[in-house]
Amino acid sequence: MTKNLFSLLLLINFMHNIRSECLSNSFEIIPGITTGSERSITTFIKVTTNQTNPNEYTTNCLDYLEITAKSINDLRREKYNMSPELINQTFNYSFNSLNVLSDYNISIGLKIKNNDEIFSKLDVNYFTCFSQSGPPENLEAIKVNNDLLNLKWNEPSNINAPNICYYSITRRFLDESKKIEYKTNQTFFSFSGADLKRDFEILISSYNDVECYKQNYPVAVKCENKGFNKTSSSSVSYIFYANKDPSTTTKPNSSPSLKYNYYLILFFGMIFLIF
């Protein structure tokens, strides 16, 4: 019994000595540049130590980094187990899937193995912006008698902004090169009258524009200063033929590559049959 108690006391004393060797002021966080996009913020940092044998000391004493991203409507707190080989080296850490057009405070702290507190806390402020959205989806055209052509579509699945600023509808008659552009913030548009007596092509794309966001998202001004002004998606298209059956409903192909793939498969199929 006495021998077991003595061994336990030795173990406790040994562990205490190990823990007491980890000093709360022996690490320092040095900030580098911070960058952001529509949903991510990346900060470059360096963790240094003034101890000899830095890799060994880091292995024995650094528990983890606590990294927090906080905005008015969002809070992310993550633990990062830093490799000892990164001590005294610059590396980066990224927060992804953040809210767009938001100010964030990035907080970085150290957890030392012999203490429950977070030390050497560093605060960096940065922001997210917006980027190109996906194209309109499920474009559908319905001709009503000979008087009206109704277009409707769905909002893109991937917006990359608080909302779509507007949609651009470009019309070009097939027998001329001139284009006329219309804008709407709705997911529908109509053509009528003399327009329907000629064949024409329609292109529709979605736009994200900093001017739409400034009133409700003050950070938009910062994004504008960084060059985030206006982005447009790829277009979906539809060709209207004046003599087409007016009762027909058409869902235009929004992916030209599908037609290309079809002809490619047909071509190789013919080669296979020949040989």
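**Salt bridges in a predicted model**

Hi everyone, let's start with the charged pairs: this predicted model holds eleven salt bridges. By a salt bridge I mean a side-chain nitrogen of Lys or Arg within 4 Å of a carboxyl oxygen of Asp or Glu.

A quick word on the ground rules. Residues are numbered from 1 along each chain as its sequence is written, and side-chain values use heavy atoms, with hydrogens and water left out. As the model is a predicted one, local features need pLDDT of at least 70 and side-chain atom pairs count only at pLDDT 80 or more, while totals for chains, interfaces and linings use all residues.

Now, which residue does D103 pair with? Its partner is K222, with the closest N and O atoms 2.8 Å apart. D103 sits in strand β6 (residues 103–112) and K222 in helix α3 (residues 219–225), so this bridge ties together parts 119 residues apart in sequence. Helices (H or I, at least four residues) and strands (E, at least two) are DSSP runs, numbered from the N terminus. D103 is partly exposed at 38% relative accessibility, and K222 is partly exposed at 37%. Here buried means under 20% relative accessible area, exposed over 50%, and partly exposed in between (1.4 Å probe, protein chains only).

Next come K230 and D209, whose closest N and O atoms are 3.9 Å apart. K230 belongs to strand β14 (residues 230–232) and D209 to strand β13 (residues 200–209), so the pair links parts 21 residues apart in sequence. K230 is partly exposed at 47%, whereas D209 is buried at 10%.

Finally, D175, E176 and R198 are joined in a network of salt bridges.
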